[in-house]
Amino acid sequence: MTPAFQYAQVRGARLAYTSTGVGSPVLWAHGMTSAAYTQERAGQFDWRPVSGRHRLLRYDARGHGRSTGGADPVEYTWPELAQDLLGLLDVVEPPIGPARVDAIGSSMGTATILCAAVADPQRFRRLVLTTPPTCWETRAAANGVRLASAQLVEDEGVAALAALSIDAPGSPALVNARRFITPIRVRAAYL
């Protein structure tokens, strides 16, 4: 059962988050078009071992799941999402003395965590970077796919993108893993 979400006003957005378990804090940052619990419900991750020993913070990134966002594409860049993450931590896990959080990210969440760690390295103790997004020479092609996906949503709706996702290749990091299809948790206006 999903715990009740709480909300924090961060940089003009209302970010939804949950906190489960006890102990040192661990933050989970989900992938693009996902949400705090989507990848777990799809069978990709099992957070019970983490929340059994730590306080697990899960949040919906700006414009994802239960969180709000704006229409400006700049709001959804990795550095801006990183500032959201740091702002959320200021609310739910304020820096007191040497306290640091561990962070686990998937794809967009990995990029968000990396940008946040570069911006404020003292906030983090450990980083677990699961399925990293494309970067450097492969990023241009990935950007083209993202722009084509946005156009598809504008032309045919979110359902068309969801149907296309069924045949999309999985991450090379998960080549030997079972294929999981996660539902899209972003409103069409944000896509």
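How many bridges join strand β1 to strand β2?

Strand β1 (residues 6–10) and strand β2 (residues 13–20) run antiparallel, and 5 bridges join them. Strands here are DSSP runs of E with at least two residues, helices are runs of H or I with at least four, and both are numbered from the N terminus. Two strands count as paired if DSSP finds at least two bridges between them.

The two strands make a hairpin with 2 residues between them, and Arg11 in that turn has a positive phi of about 50°. Across the pair, Tyr7 sits opposite Ala16 in β2.

## About the model

This is a predicted model, where local features need pLDDT of at least 70 and side-chain atom pairs count only at pLDDT 80 or more, while totals for chains, interfaces and linings use all residues. Residues are numbered from 1 along each chain as its sequence is written, and side-chain values use heavy atoms, leaving out hydrogens and water.

Ala4 comes in the segment before β1. Ala4 is exposed because its relative accessible area is 66%; exposed means over 50%, buried under 20%, and partly exposed in between (1.4 Å probe, protein chains only). Leaving out residues up to four places away in sequence, Ala4 touches Tyr17 and Thr18, where contact means heavy atoms within 4.5 Å.

Now for Ser34, found in the loop between β3 (25–29) and α1 (38–41). With a relative accessible area of 2%, Ser34 is buried. Not counting residues up to four places away in sequence, Ser34 touches Gln39, His64, Gly65 and Arg185.
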